[in-house]
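Please view the sequence and the structure first.

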Amino acid sequence: MSDARSVQHPSPAASASADPRPADPLPWPSLVVLGAAAFLMVTAEMLPTALLPQLAAGLGVDAPRVGLLVSLWAGVVVVASFPLVRLVARRDRRTVVAAALVLLAASSGLSAAAPDYGWMVGARLVGALAVGLLWATINAHTADIVPDSRLAPAVAVVLGGATLGTVLGTSGASLVGVATSWRVPFGVLGGLALVAAVLVRAVVVAAPHPAAARPAAAPRGPAARPDGARRPRVVTDPMLVVTALVALVLVGHYGAFTYITRLTERPAAALPGGTATLLLVFGTASALGIAAAGRYGTRTSAALLLSSLATAGAVLALTLVDAHPVVGVTVVVLWGAVSGALPALAQTLILRLAGPGRRTLAGALIPVLFNLGVAAGAGLASAVVAGGGIGALPVVSAAVIGVAVLGQALTAGGRRAAVSGAPGARPPRSGPRSRPRPPRPSSPRG
C-alpha cells in the first residue's frame with residue numbers, strides 16, 4: 001500500500017520533470033483514417049482538372065465548362081458549410097464524417113454514370129455538400145481527440161492526406177483515365193469513400209469531451225465563453241482576425257500559383273518532363289513543409305508569421321527564376337516548402353484560438369474563408385496579368401502577402417493572450433515566461 005501511495009503522490013519535483021503532457025502519444029490510427037478522408041476529398045474536388053480532356057470529349061462540352069465543375073464545387077462549399085454544420089452540430093462527429101463519406105461515394109457513383117453535362121453538375125453539387133461538411137467536421141474532431149500541445153502534429157497528419165490528394169490523387173486519376181475511361185476514376189473514388197466511411201466508424205476514436213460539440217452559432221451579445229471570460233467583439237476576435245489575415249495570405253499565394261506554369265516556363269524547360277516535373281517538385285516540397293509545421297507544437301503563432309513572411313519572399317523571388325534554371329528550381333522548392341506549412345499552421349492556430357466551445361464554428365470557418373481566399377487570388381491574378389503582364393504578378397502578390405504579415409505582427413500580442421486563456425490549452429501560462437511557479441512552503445506566523 002505504501003508503494004501505491006508513493007506512486008499516486010509523487011513529489012513536486014518529480015511531477016515537473018516527468019510531466020506526461022508533452023509526450024502524449026498521437027492517436028495515429030484515427031489521424032491516418034481522417035487523413036485518408038482528406039485525401040479523398042481533395043482528389044474528388046480536383047478530378048475534373050485531372051480528367052479535363054476526357055470529360056470534355058465524353059460529355060460533349062468545351063474545356064471551360066469542365067473547369068466550371070471545380071468552381072461550382074468551391075462555391076457550394078463556401079455557401080453551404082455553415083448551414084450544414086449547424087444542422088448536425090449535436091451529432092456524433094464520427095457519424096457525421098461517415099455519413100458525409102457515403103454521400104461523397106454516391107456523388108462519385110452518379111458522376112461515373114453521368115450521361116450528360118447537366119447530370120454531372122448535379123452529381124458534383126452533391127459531392128460539394130458532402131465535402132463542405134467533411135472539412136468542417138474533420139477539423140473540429142481532430143482538435144477534440146488530441147491535447148492542445150499535440151494539435152500541430154495532428155493537423156499536419158490530416159492535412160498531409162490532403163496534400164497527397166493534390167500530388168498523387170489527381171495524377172493517379174489522370175493516369176487511370178488515360179489508360180481506361182474517365183468514368184473509372186470516379187467509380188474507384190466512390191468505392192474508396194465507402195471503405196473510408198466504414199473505417200471512420202470502426203477506427204476513429206470518439207471525442208473525450210462530447211459536450212464540446214456545440215452549435216456553430218455564437219450567442220448574441222457579449223455572452224460568456226466556457227472559461228467564464230466575455231466573448232470578444234467580432235472585429236477584435238483573435239480567431240476571426242487570424243482567419244481573415246490567412247485568407248489574405250492565400251489571396252497573394254494563390255494569385256501567383258494560378259500562373260505558376262507561365263512564371264516558371266524557363267526553369268521547367270530545363271527539367272526532364274518539363275512543367276509536370278516542376279509541379280511534382282512543388283508538391284513534394286509542400287508535403288515537407290506540412291511535416292515541418294507539425295513540429296512547432298504550441299509555438300504556432302510565431303511559426304505562422306515566419307511562414308507567411310517567407311512565402312512573401314519566395315513569391316517575390318519568382319522575378320528571378322529566369323536568371324538560371326538552378327535558381328528557378330530553388331525558388332520553386334522554397335516556395336512550396338514555406339507555403340505548404342501555411343495551412344497546417346493556420347488551421348492549428350485557428351482551432352486553438354477557438355477553444356473547445358467554438359471548434360465547430362472554427363471547423364466550418366476554415367474551408368469557407370480559405371476557399372474565398374483562393375477564388376479572390378485567382379481573380380486578382382487575372383486582373384494583374386491583363387493590366388500589367390505576367391511580370392507584374394509576383395510583385396503584386398508579394399505585396400498582398402506583406403500586408404497580411406504586417407497585420408499578423410501587429411496582432412501577435414492579442415493572439416498570445418487569447419491562446420493562453422483558451423479552455424483546455426496546455427500547458428497553462430502562469431507567468432511572463434510561461435513557467436509554473438513552485439508552491440511556497442507554508443510557515444507559521446510569528
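## Helices α5 and α16

In this predicted model, helix α5 spans residues 63–87 and helix α16 spans residues 359–388. Their axes cross at roughly 165 degrees. An angle over 145 degrees counts as roughly antiparallel, so α5 and α16 are roughly antiparallel to each other. The two axes come within 9 Å, and the crossing of α5 with α16 is left-handed.

Which residues of α5 and α16 meet? On the α5 side they are A74, V77, V78, S81, F82 and V85. On the α16 side they are T360, L361, A364, L365, P367, V368, N371 and L372. By class, the contact of α5 with α16 has 11 nonpolar residues, three polar ones and no charged ones.

## Helices α7 and α8

Helix α7 covers residues 117–144, and helix α8 covers residues 151–179. The axes of α7 and α8 come within 9 Å and cross at roughly 150 degrees. With the cut-off for roughly antiparallel set at over 145 degrees, α7 and α8 are therefore roughly antiparallel to each other. α7 and α8 pass each other in a right-handed crossing.

From α7, the contact uses W135, I138, T142 and A143. From α8, it uses L151, A154, V155, V158, L159 and A162. The residues of the contact of α7 with α8 divide into nine nonpolar, one polar and no charged.

How values were computed:
Residues are numbered from 1 along each chain as its sequence is written. This is a predicted model: local features need pLDDT of at least 70, side-chain atom pairs count only at pLDDT 80 or more; totals for chains, interfaces and linings use all residues. Side-chain values use heavy atoms; hydrogens and water are left out. Axes are lines fitted to C-alpha atoms, for helices over the stretch in contact, and angles run from 0 to 180 degrees between N-to-C directions. Helices (H or I, at least four residues) and strands (E, at least two) are DSSP runs, numbered from the N terminus. Angles under 35 degrees count as roughly parallel, over 145 as roughly antiparallel, 65 to 115 as roughly perpendicular and the rest as oblique. A crossing is left-handed if the near helix is turned anticlockwise from the far one by less than a right angle, and right-handed if clockwise. Contact means heavy atoms within 4.5 Å. Ala, Val, Leu, Ile, Met, Phe, Trp, Tyr, Cys and Pro count as nonpolar, Asp, Glu, Lys and Arg as charged, and the others, Gly among them, as polar.
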